[in-house]
Every structure is written in C-alpha cells, then in structure tokens.
Amino acid sequence: EAIRTRRSIRDYQQRPVARALIEEVIQDAACAPPPFSGQVPWTFTVIEGGARIAALGARAKAYAKEHRPSGAGWDWVDNADFKVFWNAPVVVIISGRVEDCCRAGQNLMLSAYARGLGTCWVGAPMLWLQQKTTKTELGIADDIAPAAVLCVGYPNSAPAPPAAARPVIQWPAPQTPPQS
C-alpha cells in the first residue's frame, strides 16, 4: 500500500521532526541490502532547521545557476519561486555509491511515510553538493560522494495520485548461441 500511495511532498508544515523519529527512519533506510554482507556502504548527513535549510538551498540554487551545464533541464534556476528543499524542516543526504544510496533512499521514503512524514527526493542541489567546500562544510568525507538528497517533514498537503501508466515490459526470446 505504501508503495502505491506515497507521494513526493513539496509543501511541508513548519514544525520540527523529533531526532528520535529521524533516527528510526534512517535505521530503516540502513536495512536496505548492502552490496556485500557486513559492508556499510553509506553515510547519512542530517540537516535540521527551516532557516538553515532555506539558506543552503539558496546557495545551491545560486551555484547551479552560475555553473549549470548546457542543455535542457536547468530552467528551474531562473524561477524566482523555486525552492531547492521545498521549505522542509529536515534534509537527509545519503553519501556513497549511487546504487547503494538509491536502495537506502527508497527505504527511507517508505519508512517516513509509514510514520506520517512526507519526503521528496531532490536532485537540484547535487551540483553544489559535489563541491569540496560544500562537503567539508556539511561534514561529508572526501572519499564519499553525496548521491541521494531527501526532504523530510510533516506534509501540509499531498498531490493527488497521477494516472498510472502501465510500464513497458519486455520478454526477449532466448537466443541460440552462435555455432563455431
């Protein structure tokens, strides 16, 4: 049910989320399967406080506007109303290998939803988060890379579910190996 009803939240109540609740959600995120038994493939960095998060979001947006790559998908940097972190009271950055962080991020979103919290996976700050000075400021080690950023908080509102299109499913026929 959670997989089918969870939505990306872009409108948060301005109330803090208890650290114990965030820690529970992160513990669930860390239950995602690691690539090898016993390995700890990720680090979670938690940023709290609406004003601090808004200021970091403004810096991330300014950096992206100044350093944006050419091509489509960067119009948001010119939108004065766009908020990188959607006014969330908590942001969780998961650092490590992308595939590992994605597994943990999915668990985090579902765990938060089960506890009455909303989440939104955001890509807007990624260009800024890759910078050494940003990583140092946020306490992210040099040898790992931020790979997933999630806004967390109590939803003010949630969007209606979109019309779900059926995914494309392919069943390739077995190929006969070439004869030598």
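User: What links Trp74, Trp76, Phe82 and Trp86 into a cluster?

Analyst: Ring pairs do: they join Trp74, Trp76, Phe82 and Trp86. Rings of Phe, Tyr and Trp (its six-membered ring) pair if their centres lie within 6.5 Å. There are four aromatic pairs in the structure. A word on the source: this is a predicted model, where local features need pLDDT of at least 70, side-chain atom pairs count only at pLDDT 80 or more, and totals for chains, interfaces and linings use all residues. Residues are numbered from 1 along each chain as its sequence is written, and side-chain values use heavy atoms, with hydrogens and water left out.

User: Why is the pair of Trp76 and Phe82 called tilted?

Analyst: The centres of Trp76 and Phe82 are 5.1 Å apart and their planes make an angle of 45°. Planes under 30 degrees apart count as stacked, over 60 as edge-to-face and the rest as tilted, so 45° falls under tilted. Trp76 and Phe82 are both buried as well.

User: How do you know that Tyr154 counts as buried?

Analyst: Its relative accessibility is 14%. Buried means under 20% relative accessible area, exposed over 50%, and partly exposed in between (1.4 Å probe, protein chains only), so Tyr154 counts as buried. In the whole protein chain of 180 residues, 38% are buried.

User: What lies over the face of Tyr154?

Analyst: Arg15 does, at 3.5 Å from the ring centre. A charge sits over a ring if NZ of Lys or CZ of Arg is within 6 Å of the ring centre and within 35 degrees of the ring normal. Arg15 is also one of the residues in contact with Tyr154 beyond four places in sequence, which include Asp11, Leu21 and Gly116; contact means heavy atoms within 4.5 Å. Gly116 is 38 residues from Tyr154 along the chain, with 6.9 Å between their C-alpha atoms.

User: What makes H2 and H4 oblique to each other?

Analyst: Helix H2 (residues 19-29) and helix H4 (residues 98-114) pack at about 135°, with axes 7 Å apart. Axes are lines fitted to C-alpha atoms, for helices over the stretch in contact, and angles run from 0 to 180 degrees between N-to-C directions. Angles under 35 degrees count as roughly parallel, over 145 as roughly antiparallel, 65 to 115 as roughly perpendicular and the rest as oblique, so H2 and H4 are oblique. Helices (H or I, at least four residues) and strands (E, at least two) are DSSP runs, numbered from the N terminus.
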